[in-house]
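Have a look at this one with me. We'll go through its confidence, a few strands and some helices.

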Amino acid sequence: MAYIAPIHRPTSVRHALSSRLLSADEESLVLAKANRLEIYRLANGVLSMVHSKVINGTIAVLQKLRPKDSPTDLLFVGTERFEYFTLVWDPETEQLDTMDPFKDPGEHHMRDSQSHDKCLVDPSGRYMAMHLWEGVLTIMRLGSRKNTALTLDIMDQVRLAELFIKASTFLYTETGHPKIAFLYQSRSDAHDSKLATYRLTSDDRGSQASRFDPQRDREIDVDIADPGAGMLIPVRKVEEEVKRHNFRNVEAAKAHLGGLIVVGETRLLYIDEVTKRKVESALAEASIFVAWAEFDPQHYFLADDYGNMHLLTILTEGVVVTGMEVSKIGITSRASSLVYLDDDVGDGILFVASHYGDSQLFRVDFSEGAQQILQEIQVLKNIGPVLDFAVMDMGNRENDSKLGNEYSSGQARIVMGSGVYKDGSLRSVRSGVGLEDVGILGDLEQTRALFSLASYGAEKVDTLVASFLTETRVFRFDGSGEVEELEAFCGMTLDRQTLVAFSLPNGHLLQVTPAAALLLDAENGLTLASWSPEEGKEITNASANKEWLLLSVDGTGLVSLALQGDLRVVQKRDISNEDQVACIHVAPQLSDVAAVGFWTSGTVSIVDLHTLQPIHGEGLRKTEDDASIPRDLALVQVLPPAVSGPTLFIAMEDGNVVTFNISSDFSFTARKSVILGTRQARFHLLPQEDGIYNIFATTEHPSLIYGSERRIVYSAVTAEDATCVCSFDAVAYPGAIVVATDDQIKISQIDAERRAHVRQLPMGETIRRLAYSPSEKVFGLGCIKRELVSGEEIIQSSFRLVDEVIFDKVGKTYHLGTPSYTELVEAVIRAELPDSYGNMVERFIVGTSFLPDPSIAASSTARGRILVFGIDNERNPYPVLKQELKGACRCLAVMDGKIIAGLTKTVVISQFEETSAITGQLTKLASYRPSTYPVDIAVHGDMIAVADLTKSVSLVQYVPSIEGKPPQLIERARHYQSAWATAVCHVDVESWLEADADGNLVVLRRNVQGVTDEDKKRLELTSEMNLGEMVNKIREITVETSDTAMVLPKAFLGTVEGGIYMFGLVAPHAQDLLLRFQDKLAAVIKTAGGIEHRTYRAFRNAERESDRPYRFVDGELLERYLDQDEETQKEICQGLGPSIEDMRNTVEELRRMH
């Protein structure tokens, strides 16, 4: 059984619009990202997200409607499965409420629209037209009465003569009757453009849909001279000083503002909606325009396919149109949608939504003195589309091992090729809490503890105390960040290790060493009071707050001292006959109590500092043979007091962190357990605003523990080598922390919560494929660059290297192709191959395809190449082999030093031999002919999985030469259902994961134990679901897991929408529980539109559609359990078996994996 969960949610923006959704006075920006709606508020020129809504479906349609007499808008949302609904904002609950869900009444025999689903809304906001099926227009409108104003009624589904529609739009009309325009081509194979307009309704009341008869109902019927025209822009009517009357003599009429612009590749055509008069203007440069937005009735932003932003200006004399001109005003990401907004300070704001690169926010300045018309003010990062990626590490870079553990996949560093053409970049992505180094104190090794202090008279901390095994060192920072090491400070003992250093509110200073506890005067350095253990004993642990100091003496005695009473001993307690003290902690926010962990019994108690007697205690060992010991404690307020009381965190010796909610009577409730590592964690408290604490837990995989969305979150931290941490809110470094590693101390800024950390190397070209060489520490990139030169599109491919450490280009670029043909990079892998001396060396292997120029005769029968590259001492790639092929090389893999190539119609395995330092040869060993076209191959042992373009997956075994017989590739099994495969990967002994172009994921298993040969040759379906995003690449990962792990991570997936997902297999003991848990969650948790989870995740392609996912667990759904209130969680767990707390622990563990 399979499991899927998002590591990085999709970031590509397909749809964007502005809407008065939140209030009548506020314009909001609404974005659609895969299955998520995001609502942003624009304030002070910056976008901030107000609300996010998950949809059980991939969003295909997004529009806004304006009900009659309503000051605010409705959102209309449609999914790829033709499910539609309207959403209205409820200001009281601050939620989007579903108003009118329905399913499209189309028939299965209808053909999908070739131009994707389109939804148009007329200028009044009440009429809507949808192109969902070829030759069919669905017409809808909002009700006109008060009780039906929010309800959409389907008026009709009418047949259109215009089958192949390229663009459509509503027009601005004077009569109030909605009119619609279609830009279409006459046949699917015809390279032409025609324009037709119709009235949407045939009666004056607007209640009867038009018949759209091309002979009787067409109002405008025009052949467009530019066959590449693909965009329609409606133009608002501008009020005239002198009222215009209808002309009987249309020939004498002039074109006025109020009509339609047809945007082509080489020319523009304006048509007056009333007089039908035309004005045509040629473009200075040919271009392909993809998006537009209105600035005012005479100016429009135009975005082209090459990332250029233009301004289209309608030239007029009064209101008479005389011409049009287009001028370039800037460079942006390649736009998928443009939205023009008005800022609260009166500036014009342009939002460029992009699927191909980062989405951008620009301030528009057309003033004469402006240096730039478009001034970038904000970027919304987008890592999509992910074309290829490499898994750099799984939280463990020792010896470049890719072996991780069950809780480290969420800390994996993934380097990917993102974006398309000019927006292409290499991006390193890691999810977690980020640390940004702002200063390095020095190379100081083996730091044991860090403390921040305020010197006498200082309002903020300015002194750092670093404790080592045999000494203590003190550093003071001035207001500019300059630092000096002090030989003495306030009478502190510096020749011993410091266990606690603490500034008290009265200006005194507390220092605890193994020999004594000292209360010092910060002004003159005098010792005000001291306490020392008996001779022969020493202080082994200490903890303090503003009022109390608790000491552990030799691990067998506890001593509590009052700080306000000059270290007066309040109580002593000898526990040598009962147990031993493992750890102690004085709660910083609770008066008169502390937490104590005991070694022998494995228990934790809350003790009264006046008596040192336990108030409440709890055993931590679940079984008698469990020997785990509490090693560190923290009793703090992590969640706001209105949400929860204080939480006790217990770091166990085995790497577990156990938590309890502490009630007002100090009793323990709601036990949870989370794995942070394989060894004990150390807790370092980081105070926040409003009395809240974050906890920095240092282990081999450091984590930040913080409160977010009413729950405690454990998030990986990007500083893997941290050993000690303390808060350091100094004048020069506000909000900073100090981090000690094994060999240095750094000052860093820390994120407040987890986010995706993206390191970007802009390339300005598509990174089609990439591979990583661990020995050379470089990435090999196969790139494709596209440029527009004098109106001609030039494509150039290349192979280049990028250094992993400096994350920048190194060496020379190796260009592919010749003037007679264009060569495209199709595949790049790395492999260890023998050199001419027989030594194994690192090589990059590149597969290409040729695109012959039809105007130049083909010089050979070659249709692709395989190139093998070495890397010289100056880190330049040099070719060792250039092998021409009769077919394009679409994919590559390596098996025991042999190169496997997926060609146009053949899979070939060849032996590579390097004959000299710069020459080599390929010897064909065997071949296999797939059904149509191999798009991806994966190798495990001697088995090759071949993903076919239309015929799913087949398994082919390589059989070496035996007894004189030549080597063979023999098909052992295949999947007999059709699927447009995009990627394949090995995930288990006999199991393979396949992704297809419809966004489906399928797990196939070879039945080696089948009864008949036919059974053995058939790949069995063991799991299937619809992800809703097309997967471009799947990478296998190797992860060690414990025996009790519920999910075994097996692979990462990269999608077209910029999503990164973790795929895993569910352990047998957890399968029944997780499936029942998923069903209960899906039944209780309702999402926008009321779309059922099983419908959303059900397998669907052109041939088959199931009613639910099969043996697949959706991790994104499981995580929503943590967002529910106590009553909802109780309802979900009813009849499930485990308790509410057990399921919380389970989901937290699963969440930690990604």
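How close do the axes of helix H2 and helix H5 come, and at roughly what angle do they cross? Before the answer, some ground rules. This is a predicted model, where local features need pLDDT of at least 70, side-chain atom pairs count only at pLDDT 80 or more, and totals for chains, interfaces and linings use all residues. Residues are numbered from 1 along each chain as its sequence is written, and side-chain values use heavy atoms, with hydrogens and water left out.

The chain's average pLDDT (the predictor's confidence in each residue, from 0 to 100) is 89, and 94% of the residues score at least 70. Residues 394-410 fall below 50, though this stretch still has 61 contacts in the model beyond near neighbours in sequence; a contact means heavy atoms within 4.5 Å.

Back to the helices. Helices (H or I, at least four residues) and strands (E, at least two) are DSSP runs, numbered from the N terminus. The axes of H2 (residues 1068-1084) and H5 (residues 1126-1133) come within 9 Å and cross at roughly 130 degrees. Axes here are lines fitted to C-alpha atoms, for helices over the stretch in contact, and angles run from 0 to 180 degrees between N-to-C directions. H2 and H5 are therefore oblique to each other, given that angles under 35 degrees count as roughly parallel, over 145 as roughly antiparallel, 65 to 115 as roughly perpendicular and the rest as oblique. On the H2 side, Phe-1077, Lys-1080, Leu-1081 and Val-1084 make the contact; H5 brings Thr-1128, Glu-1131 and Ile-1132.

H5 also meets helix H6 (residues 1140-1152): these axes come within 10 Å and cross at roughly 95 degrees, so the two helices are roughly perpendicular. Here H5 uses Glu-1126, Gln-1129, Lys-1130 and Cys-1133, against Ile-1140, Met-1143 and Arg-1144 of H6.

Now for the strands. Four of them form an open antiparallel sheet, in the order E35-E62-E61-E60. Strands E35 (435-442) and E60 (724-728) sit at the edges, each pairing on one side only; two strands pair if DSSP finds at least two bridges between them. E60 is joined to E61 (residues 736-740) by five bridges, running antiparallel, and Cys-724 stands opposite Ala-740 in E61.

Elsewhere, E8 (residues 83-90) and E9 (residues 95-98) pair antiparallel over four bridges, with Leu-87 opposite Thr-98 in E9. Four residues lie between the strands of this hairpin, and Glu-94 takes a positive phi near 55 degrees.
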